[in-house]
Amino acid sequence: MPALLIAFASGVLACQFLPEIPGWPWGWACLVLLGVIAGLCAMQSRRRPALLSPFKAPLLFVLAFALGASYTCWRSAALLADTLPEAAMGRNIRLTGVVDSLPDRTARGQRFHFKVEQVDSNFHVPEQIQLSVWHHVGQDETRSALSDMGQIKAGERWSFVVRLKRPHGLANPHGYDVEARLFENGIRATGYVKSGERLDDFVPGFATGIALLRSQIRARFDRVLPEAAFPDAGILTALAIGDQKAIPGSLWQVFAKTGTTHLMSISGLHVTLFSGLVALFVSAIWRRLPKLVSRLPAQKMGVFCGWFAAAFYTLIAGAGIPALRTLFMLTVGAYALLTGRHVSPFKILLVALVAVLLLDPWAGMSPGFWLSFVAVALLLWAALSEHVITGEQRSWRQRLKIWLKGFGRTQWAVTIGTLPFLLLFFSQFSLISPLTNALAIPWVSGVVTPLTILALIVPWDPLLYLANALMTPLLAFLQWSAALPVAIWHAPVPSPLVFGLAIVGALWWLMPAGLPGRWLALFLCLPLVLPKIDSVPAGQARIDVLDVGQGLAVVVRTHRHVLLYDTGPYYSSEADAGVRVIVPYLRAIGVERLDAMVVTHRDTDHSGGALSVLESMPVGWVADAPDTRFADAVPGVRSKTCQAGRDWTWDGVRFEFLHPSSQAAAKNLASNHQSCVLQVSVGDKRMLLTSDIELADEQQMVAQGMLPSQILLVPHHGSGTSSGDALLNAVQPEIAIVPVGYRNRYRHPKPEVMAGYEARKIRIYRTDTDGMVQVALPAMTVSAYRRVHQRYWMDQPSGAVAQDEQ
């Protein structure tokens, strides 16, 4: 049976690498495979002789794998069929439905899941969508839809006028996959509210009831611990109901550097703790009622009530993967205790794994899925391999010594075993996490969380005040630890081979003491810490046009040097392209230092991430426009000017500024006309990076004389004020790359501009439809992330993306 469960889970997880779902009747395939497996298992259980007996085990494994894959394809195909038509995107559509999630509070408004009941149009709208209500619409400070409608609450029925689009996110290697996350949650369209009318204050239902309860708990926490007076109290809200948006972004950075992120969400430990407390409380009362004990033992009653407590806590916590995994494990464990059966802890974990995948076949898309199950497996591995689990009677000193030794061993096991996964998903690891967790785990899980959980049951405000007061000294310690220069270690994302060797090495390292040759595991893990995995050969250049939305960020790499050309847009007060896209990408490919950064002009879609980059990694020098001085923001960074004629050579690759003609003349010009234009040359192969220059600037460059470039970064995102005939005739590009945001409000690129490129038979790539575009010089090879790494849940918009109606 365990082998069949492993095969089924492997089939489910393997489907996440499919570029598309084949058009088969997957539901019937699941039934047929399930029937065949059941028949073979029945034959085996009755010990009937069969011709296939020698091949029965491998055949069952293959069939179980196929069943897992078929089940995932069946569920995925059904979800993909519920798609928003392209003609419906960007249009005003009136919907009626129910808010069936706890609304997330963002810096710009609210975001929530909406279950559609009725559509007042001829367009099909998916049943489950995600809507946002903004404080401000556009750039002007007009009165918002939110101020007109008031706060949106869970369980309410509304009539909204909305504008929708298919789920679409930024597509860069090693980046956060928004589309995968929305697909996992069943969201097949996103959009924003233009106007709305509340129809019912509450619509009864299981999902709405849970969402309303979570909303009421959050409202109580906000009332007792207002953010103005208690800025860090959002941690308690996260511990109570899993609302991680309540924790400020600055604190998440502290938790990441100290390796304590897992403690600030509803983890398996918290669910188990709550369940255990309820079980002990019920058992203690039950033992004092002889009539009830004679009918049902106190231990079994405690286990029964503890399971219901875990199920309740999991639901109000948002049913995240760690909580679900723990609930399923507790379910199997409770069943074993109530029926008197013995079940191996590893089998319980395996059953929980399959149960999670049955409920959510796409859970494997989330790093939390892997970290959750791997961490528990490592804890069991460490405990069982060293015989920590024992029934012998010992003194309290011996038990304390064993507990301390076991705690240290399990922390070491989790640290070593999860290291490859942390580098694979996040390209970083907290070096101080064993020490900070040694203090934080017992404090948060043993003191703060029980008080917070008790505050859910007993509406006594001093409990919340006490929990917040106890959290304050721990936060001070974590903030001090995060500021240490050795707090965090960054490393490139490991290749599949290096990752596999590190997993084997970690397991070998964690074998029981005394096993000969354990030290050899070090050599299997050593490739994990090598400085670079994606170096560029000498005499070549690799140019990555990142997908940052409506903005620009280009990474140019030579053999030993790295240059960043523009830093992407400013998204909100909490995020920009520097911290969201550029820095994670650079660290994932092994770049820890920038030799140069060019900020072409002050517009925030080009300079929005500059400060984040400067604060995150060393930068040799910064060249920017006359009215921007980013080099002055960080001590030790040299400042240079981008002026036509300045050039340098790195590793056989030549760089030359072609615009502006002089800093003094550019200083009095509008921002776009100050744009720094850079040409990258390897032999006779060139790429021209043009930023936001306009027709007058193009004509000036052509008049001064310029060499052709085979690859052109389309000026000003394809605006109608750029890409004139003079430039295209002089540059004579073979390939054009348009850095543009998906369905942006500027309607870039303009169709008439693209027509000029198409008339010259220029091959066109766009970051909104292709994701990150990578260019190799002098090989002249171009690859697009969405084409090379296509997955079935990814949006594949057509080349000409229609824009929203105004």
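Mentor: A polar contact here is a pair of N or O atoms within 3.5 Å; within protein, one must be able to donate a hydrogen and the other to accept it, and residues adjacent in sequence count only if both atoms are side-chain atoms. By that criterion the side chains of Ser691 and His601 form a polar contact of 3.4 Å. The side chain of Ser691 also has a polar contact, at 2.7 Å, with the side chain of Thr600.

The model is predicted, so local features need pLDDT of at least 70 and side-chain atom pairs count only at pLDDT 80 or more, while totals for chains, interfaces and linings use all residues. Residues are numbered from 1 along each chain as its sequence is written, and side-chain values use heavy atoms, with hydrogens and water left out.

Ser691 sits in the loop between strand E20 (685-689) and helix H24 (695-704); helices (H or I, at least four residues) and strands (E, at least two) are DSSP runs, numbered from the N terminus. Its relative accessibility is 2%, so Ser691 counts as buried, where buried means under 20% relative accessible area, exposed over 50%, and partly exposed in between (1.4 Å probe, protein chains only). Taking contact as heavy atoms within 4.5 Å, and leaving out residues up to four places away in sequence, Ser691 touches residues including Leu552, Tyr565, Asp566, His606, Cys676 and His716. Pro715 is another of the residues touched by Ser691; the two C-alpha atoms are 5.7 Å apart, across 24 residues of chain.

His716, touched by Ser691, belongs to the loop between strand E21 (711-713) and helix H25 (725-731). Most residues other than glycine have a negative phi, and most peptide bonds are trans. His716 has a positive phi, near 50 degrees, and is buried, with a relative accessible area of 13%. The loop between E21 and H25 also holds Ser723, whose phi is positive as well, at about 60 degrees. Ser723 is buried, at 10% relative accessible area.

Pro749 lies in the loop between strand E22 (735-738) and helix H26 (751-759).

As for the whole, the protein has 28 helices and 25 strands. Of its 806 residues, 52% count as buried. Among contacts with a separation of 6 or more, 69% are between residues 24 or more positions apart.
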